[in-house]
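Please look over the sequence and the model below. A short report follows, arranged by topic.

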Amino acid sequence: TVADEHDFTFAGFIAFVDPPKAHIDRILQELRNRNIEIKIITGDHALVAEHTAREVGLVSRGTLDAAAIDHLSDEALRVKVTSTTIFARVTPIQKNRIIRALQAAGHTVGYMGDGINDAPALRSADVGISVDNALDVAKESADIVLTTNDLEHLLQGVKEGRKTFANTQKYISMAVSSNFGNMISMTGASIVLPFLPMLPTQILLNNLLYEMAQISLIADHVDERILNRPSPWDIRTLRRFMVVFGVLSSVFDFLIFFILYHLYRLGASQFQTAWFMESFLSQAFAVFFIRTVHAVWKAHRPHRAVILATVGTTVVAWWLALSQAGSYFGFTPVAWPIIVTILVISVVYFVSIEVVKVFFYRNPHASAPRKRGWLETAK
């Protein structure tokens, strides 16, 4: 009892310290450079959380504790969470409110936690992240489980995720614009020409070789601008891209139709061969121009796999069109003047893409994301 507290000799204090991981300040800075803001949501006291933030080099923009959160309406909390870095002494329900408030404010939220109190927030977050030594309920609630307790892997995951998303957008953009343009061209040509501009087997061959080339995009390099900020899915920009570049492709298709049919007066087989060659060359090499918002000479160099796949499939396509083997697909070799014409028109088409890109990406709605990315961390 208190009565026993006398004649003591002071020996010292015992303190328990959980030191920050090595290089954590560098990792947090890199996450900030990627436009990911770190927040701390913890059940510990505000002073402990603020001290931890200073230890790891996290600049705090403000602290909210449980009592303050309880006095805020959902609308007020939605405003407050954006400018607050540390949330202390919070309950599981309050953690979930904070996640919901950030999402309501238009942010994409990742939540990292390892305890039973984190399960509701892990479920509510856009991306729930846990670690291998976390409680089973936390791991089951998470979308991603890190096998090592190292945020470096999380940083690498962000980079790889944005790269994969950007390359997926490249593929989808080129696919929809190419298909939209080809539909316009095939429909228009079927109306004015006495024969099909390309046979079904030739269309299938074109698509097969083209898709084989596009597989290489998974390894393509990505502009640093894209890696440094989140890029939300924007269906409106994709629709504009499809219409603008699809119609541009059709304009040059109709130009080649006019030259092949009215100037060179080619028959069905040679016409189909010539358009197959021009169509494949233009859509295959267009990847080098469409893969970036920058001018092709200013952008990152394409990955070697993209170059080899594009050049390789084009060589195969043209060889089939000009060799005896092409007869199985209904091809008939064409004369050199026609080949030169195809090359010239293709070059003009590529230059036109560069010109149109300048005006297309000048529109802020074409490429600017509407959301900012967030990574919410739980202690």
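Is Leu-266 buried or exposed? The model is predicted. In it, Leu-266 has a relative accessibility of 8%. The cut-off for buried is under 20%, so Leu-266 counts as buried. Leu-266 sits in the loop between α11 and α12.

Which residues does Leu-266 touch, leaving out those up to four places away in sequence? They are Phe-195, Leu-260, Tyr-261, Phe-271, Ala-274 and Ile-338. Along the sequence, Leu-266 and Val-334 are 68 residues apart. In space, their C-alpha atoms are 9.3 Å apart.

## Ser-279 in helix α12

Helix α12 holds Ser-279. The relative accessibility of Ser-279 is 5%. Buried means under 20%, so Ser-279 counts as buried.

Neighbours within four places in sequence are again set aside. Ser-279 is then in contact with Asn-182, Met-198 and Asn-206.

## Cavities

How many cavities of 30 Å³ or more does a search of the whole structure find? The search finds 3. The second largest cavity holds about 140 Å³ of space. Its lining is made up of 14 residues. Closest to the centre of the second largest cavity are Ser-178, Ser-249, Gln-283, Ala-286 and Tyr-349.

Three helices come next. The elements that give two or more residues to this lining are α8 (151-192), α11 (235-263) and α12 (268-285). Which of them gives the largest share of the lining? That is α8, with 4 residues. Sorted by class, the lining of the second largest cavity has 6 nonpolar, 7 polar and 1 charged residues.

Strand β4 covers residues 108-112. Why is β4 described as largely enclosed by the rest of the structure? Because 4 of its 5 residues are buried.

Strand β5 covers residues 127-131. β4 and β5 run parallel and are joined by 3 bridges.

Asp-114 lies in the loop between β4 and α6. Its relative accessibility is 37%.

What does Asp-114 touch, not counting residues up to four places away in sequence? The contacts are Ser-130, Val-131, Ala-134, Leu-135 and Ala-138. For one of these, Val-131, there is also a distance. Asp-114 and Val-131 are 17 residues apart along the chain, and their C-alpha atoms are separated by 6.5 Å.

How many of the 5 residues of β5 are buried? The count is 4, and β5 is mostly covered. In a regular strand, side chains alternate between the two faces of the sheet.

β5 also pairs with β6, which spans residues 144-146. These strands run parallel, with 3 bridges between them. Val-131 stands opposite Leu-146 in β6. Helix α7 takes in residues 136-141. With β5 and β6, α7 makes a right-handed β-α-β unit.

Which residue has a positive phi of about 65° although it is not a glycine? It is His-23. His-23 is found in the segment before α1 (24-33). The relative accessible area of His-23 is 55%. Exposed means over 50%, so His-23 is exposed.

Arg-89 has a positive phi too, near 55°, and is likewise a residue other than glycine. Where is Arg-89 placed? Arg-89 is in the loop between β3 (86-88) and α5 (92-104).

How values were computed. Residues are numbered from 1 along each chain as its sequence is written. This is a predicted model: local features need pLDDT of at least 70, side-chain atom pairs count only at pLDDT 80 or more; totals for chains, interfaces and linings use all residues. Side-chain values use heavy atoms; hydrogens and water are left out. Buried means under 20% relative accessible area, exposed over 50%, partly exposed in between (1.4 Å probe, protein chains only). Two strands pair if DSSP finds at least two bridges between them. On a 1 Å grid over the protein atoms alone, a cavity is a set of points where a 1.4 Å probe fits but cannot get out, and a pocket is an open set with protein on both sides within 12 Å along at least five of seven lines; lining residues have an atom within 4 Å of a point. Grid points are joined across faces, edges and corners, and a volume is the space filled by probe spheres set on the points. Ala, Val, Leu, Ile, Met, Phe, Trp, Tyr, Cys and Pro count as nonpolar, Asp, Glu, Lys and Arg as charged, and the others, Gly among them, as polar. Contact means heavy atoms within 4.5 Å. A crossover is right-handed if, with the strands pointing away from the viewer, the path from the first strand over the helix to the second runs clockwise.
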